[in-house]
Amino acid sequence: MIEVKNLTKVYGDRVAVDHLSFLVEKGQIYGFLGPNGAGKSTTMNMITGYLAATEGTVTVDGKDISREPEEAKKRIGYLPELPPLYVDMTVEEYLKFAAELKKIPSKERNAQVTKVMEMVGILDMQGRLIKNLSKGYRQRVGLAQAILGDPEVLILDEPSVGLDPKQMIEIRDLIRKLGENHTVILSSHILSEVSAVCDHIMIIAHGKLVASDSPEGLRRLMEGSGELELGVKGVYEELEPVLREIPGVERVEAMNIAEKDCTGIRIYTKEKADVREAVFYAMAECKAPIMQMLHKEKSLEDIFLELTEDVEPSVKSRKHLFSINKNEKAKKKAVPEADGGQDEAADSPVEAPAAEEREEQ
């Protein structure tokens, strides 16, 4: 349904998206994860045609977003992180205006507007000014305009921002329902939220794709190495060498513990290694009673942090992108000299407006 190839965006000397490639299949809900500043919003803006890419292509149902923008955009419903609302309009006025912009036939507009208001739970707010709505309800209005026209693809950037727990559950249920008839890309930096509704999860960091798998696949990854936390009556310097020799132990370190007269020890184990019994017997031989033992497996958040740490564009990649940037600037600089001196900055395809750069930060 959506094919992204070698997608790249450079702001000055900063690489926001670094040669990103992935395929989105029809009828699936995709989670798009990454820490703040990872490039999620920039990527979504390029997929929807809001931003031009420095390099790469995006095709939606076979339509290139840069060559056939109108045809490609007809197939997309987009909810930005900050919904594009006209706050001096009522909810109903705004949605009818959005329906007109989307070229929905006039005889169908009222029915479609009523339908989407019912879907997102704002029918009783239709006569209220948007500026008087809470942040959560404004988010719902933005979601309603994305659904208008029944697009084949829905791209939702942080759809649950500003919602209370009850509203978040309702929005998740709605996204699952929408996934029955639409292809959905859901952006978030909250791993648990994405894994609750998505069929497939993609994780990016520093503009690079670092993982792409089903939630089950990520859970299998989560079953890797674990931790064992001990509270032991003994001296750490004497116990550490003994624990380090146990098969399956990767490393041992001291930790703070609330238990009085106890030494805190954290043991990192190798993949799928359960060393609890061996630790018990080793401490018994050392006459060091174990007062507490806690076995910890990696959480989804731990996996997320591991995957997104220390991922940066390579030196080769940076040089290539910055050379493109420099060449484009040189070309634009040559144009004013030929036509009487136009402003270079007005046309540069790689100079990002301040608002766009702030959005990704």
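Guide: Pro 159, Ser 160, Met 168, Ile 171, Arg 172, Ile 175, Leu 186, Glu 193 and Val 197 line the largest cavity of this predicted model. The structure holds 1 cavity of 30 Å³ or more, and the space in the largest cavity comes to about 40 Å³. Rolling a probe the size of a water molecule over the atoms shows where empty space is left.

Consider next where the lining comes from. Helix 6, residues 165–178, and helix 7, residues 191–197, each contribute at least two residues to the lining. Helix 6 gives the largest share, with 4 residues. Sorted by class, the lining has 6 nonpolar residues, 1 polar residue and 2 charged residues. Among the residues that line the cavity are Ile 171, Arg 172 and Glu 193.

Another part that can be followed in detail is strand 1. Strand 1 is joined to strand 4, residues 55–60, by 5 bridges, and the two run antiparallel. In this pairing Lys 5 stands opposite Thr 57 of strand 4. Strand 1 also pairs with strand 2, residues 14–24, again in the antiparallel sense, over 7 bridges. Here Ile 2 stands opposite Val 24 of strand 2. The hairpin of strand 1 and strand 2 has 2 residues between the strands, and in that hairpin Gly 12 takes a positive phi near 60 degrees.

Key:
Residues numbered from 1 in each chain as written. Predicted model: local features only at pLDDT ≥ 70, side-chain atom pairs only at ≥ 80, totals over all residues. Heavy atoms only, no water. 1 Å grid on protein atoms, 1.4 Å probe; cavity = no way out; pocket = protein on both sides within 12 Å on 5 of 7 lines; lining within 4 Å. Points joined across faces, edges and corners; volume = space filled by probe spheres on them. Nonpolar A, V, L, I, M, F, W, Y, C, P; charged D, E, K, R; others polar. Pairing = 2+ DSSP bridges.
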